[in-house]
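Colleague: I have a model open and I'd like to learn how to read it. Could you walk me through a few features?

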Amino acid sequence: MLKRMRIMNKEKILSNALSDINRKARSIALDAIEKAIESVNPKNLIRSKVLLAGEKLTVNNKTFDLKSFKRIFVVGGGKASGYMAEAIEEIFNRRIDDGIVIVPYKTARKFKTKIIRLHEASHPIPDQSSVDGARKIMELVAEAKESDLIICLISGGGSSLMTYPRDEISLEDKKRLTEILLKSGATINEINAVRKHLSKFKGGQLARSAYPATLVSLLLSDVVGDPLDVIASGPTVPDSTTFEDAINVLKKYNVWDKTPSSIRNLLLKGKNKLIPETPKKDDPCFNKVHNFVIGNNRIACLSVMNELKKRGLNVLLLTSLMEGEARNIGLFISSIAKEIVKSNNPISRPASIIIGGESTVTVIGKGIGGRNQEIALASALGISGLKGVVVASVSTDGVDGPTDAAGAIVDGDTIYRSNMKGLNAEEYLRNNDSYSFFTKIGDLIFTGPTGTNVNDMTVLIVL
């Protein structure tokens with residue numbers, strides 16, 4: 001078993017409460033966040049979904065006869081892929097012939113693998129190590145024969161960690177566009193539609209390279225609704241998008257003219273059918289591909305719901321499919337809190353509302369922050385003055401946006417406390433500077449990299 005996940009600054013966060021009821025609500029919310037992350041522990045998910053009995057491998061009730069395979073390779077990448085690799089090696093042990101899995105920088109030492117090589121690279125902006133690692137994976141799967149089995153471990157973050165640009169595009173141009181898109185307000189589905197068409201790896205192209213070997217892909221979803229072709233940009237899945245879709249995304253968010261010319265030229269060539277599309281569902285390379293989702297945001301939400309019920313709260317899982325602008329979601333959550341306080345609707349106190357998914361932030365200011373910190377800051381403005389009301393919002397991977405925080409927590413006294421320090425919360429929100437705001441009042445949530453990734457989680461507590 002992995003060590004229990006703990007919020008590193010939990011006692012500090014609790015000490016910031018100005019009343020006993022707010023401290024209690026904060027404690028319940030933080031316990032719920034810890035439970036959510038523990039419930040999607042990648043090693044436990046692998047162990048529950050992947051069973052090996054003699055020569056029979058069973059994944060999600062699909063059985064494979066290992067006698068029919070001469071060699072077994074393991075490849076993949078993502079924020080959770082280190083623990084996934086650890087679990088797979090424990091299950092298969094010396095049956096694995098070779099493997100390479102790409103993990104974020106400064107994390108490889110956390111994982112214990114002897115056969116599977118762990119290669120570190122950059123997230124969320126790719127670097128040369130991302131390219132080197134993806135190329136090594138492509139070279140390894142290209143060696144596989146029809147009689148071989150490839151196990152692919154995919155989780156959120158894989159799009160950056162496994163980057164292999166088409167020959168016409170430089171890494172610098174790819175990085176520049178990634179930075180532009182991350183600030184544009186585009187959803188991850190839209191961003192990945194672009195990424196897939198700039199890559200030799202994504203959008204089913206890993207599967208094409210692996211054919212005719214049998215490919216079993218285990219996916220930990222960090223995408224709302226679990227669309228297989230979007231998780232890590234779908235390297236083992238038929239691509240449902242086109243070059244034209246990628247162009248439309250860039251135009252929709254008014255970044256076409258900011259896009260490097262090499263990328264615009266490539267996309268236009270693709271639209272005009274001068275270069276091949278990414279592989280679609282009728283491509284024969286997918287005949288021997290088996291994709292399995294082993295974990296997602298809903299698992300985390302249901303775990304939290306059950307835990308809070310045990311603690312005597314009335315609980316409503318509002319959605320695990322939340323999307324939209326972060327600050328608008330924060331205001332919406334605060335409106336629910338006020339309705340519960342006023343009328344005991346949609347559920348009566350003591351109450352908890354659970355919301356999972358992934359928001360977006362359209363960056364118009366010059367500050368620093370993340371999706372969850374912006375949700376929390378907007379919520380603080382809406383719940384100001386309410387007693388026993390807390391909103392905690394985190395990214396389950398432990399890294400919210402370009403910051404070292406997982407998210408933030410607020411209560412009805414947050415705005416009062418910030419006013420006492422001379423802070424204007426509305427101005428910080430306008431400037432997309434939620435990280436600076438929460439740093440000054442001490443209510444950032446720090447977990448460090450959690451080793452998993454299934455979107456974001458927001459918990460509302462009303463006592």
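Modeller: Let's start with helix α8 (residues 188-196): 7 of its 9 residues are buried, so the helix is largely enclosed by the rest of the structure. Buried means under 20% relative accessible area, exposed means over 50%, and partly exposed is in between (1.4 Å probe, protein chains only). Helices (H or I, at least four residues) and strands (E, at least two) are DSSP runs, numbered from the N terminus.

Colleague: How far can I trust the details?

Modeller: This is a predicted model, where local features need pLDDT of at least 70 and side-chain atom pairs count only at pLDDT 80 or more, while totals for chains, interfaces and linings use all residues. Residues are numbered from 1 along each chain as its sequence is written, and side-chain values use heavy atoms, leaving out hydrogens and water.

Colleague: Which residues of α8 are buried, and what covers them?

Modeller: Glu190, Ile191, Asn192, Ala193, Val194, Arg195 and Lys196 are the buried ones in α8. Their cover includes α6 (158-161), α7 (171-182), α9 (205-210) and α10 (243-252). Contact means heavy atoms within 4.5 Å.

Colleague: And strands? Which way do the residues of β7 point?

Modeller: Asp148, Ile150, Cys152 and Ile154 point one way from β7, Leu149, Ile151, Leu153 and Ser155 the other way, and all are buried. With 8 of 8 residues buried, strand β7 (residues 148-155) is therefore largely enclosed by the rest of the structure.

Colleague: How many bridges join β7 to β8?

Modeller: Two strands pair if DSSP finds at least two bridges between them. Here 7 bridges join β7 to strand β8 (residues 214-220), and the two run parallel. Cysteine 152 stands opposite serine 217 in β8. Strand β4 (residues 71-77) is also parallel to β7, again joined by 7 bridges.

Colleague: What about helix pairs: at what angle do α13 and α14 pack?

Modeller: Axes are lines fitted to C-alpha atoms, for helices over the stretch in contact, and angles run from 0 to 180 degrees between N-to-C directions. Helix α13 (residues 326-343) and helix α14 (residues 371-383) pack at about 40 degrees, with axes 7 Å apart. Angles under 35 degrees count as roughly parallel, over 145 as roughly antiparallel, 65 to 115 as roughly perpendicular and the rest as oblique. α13 and α14 are therefore oblique to each other.

Colleague: Which strands make up the open sheet?

Modeller: 6 strands form it, in the order β10-β11-β15-β12-β13-β14, with mixed pairing. β10 (314-322) and β14 (444-445) stand at the edges with a single partner strand each, so one side of each has no neighbour in the sheet.
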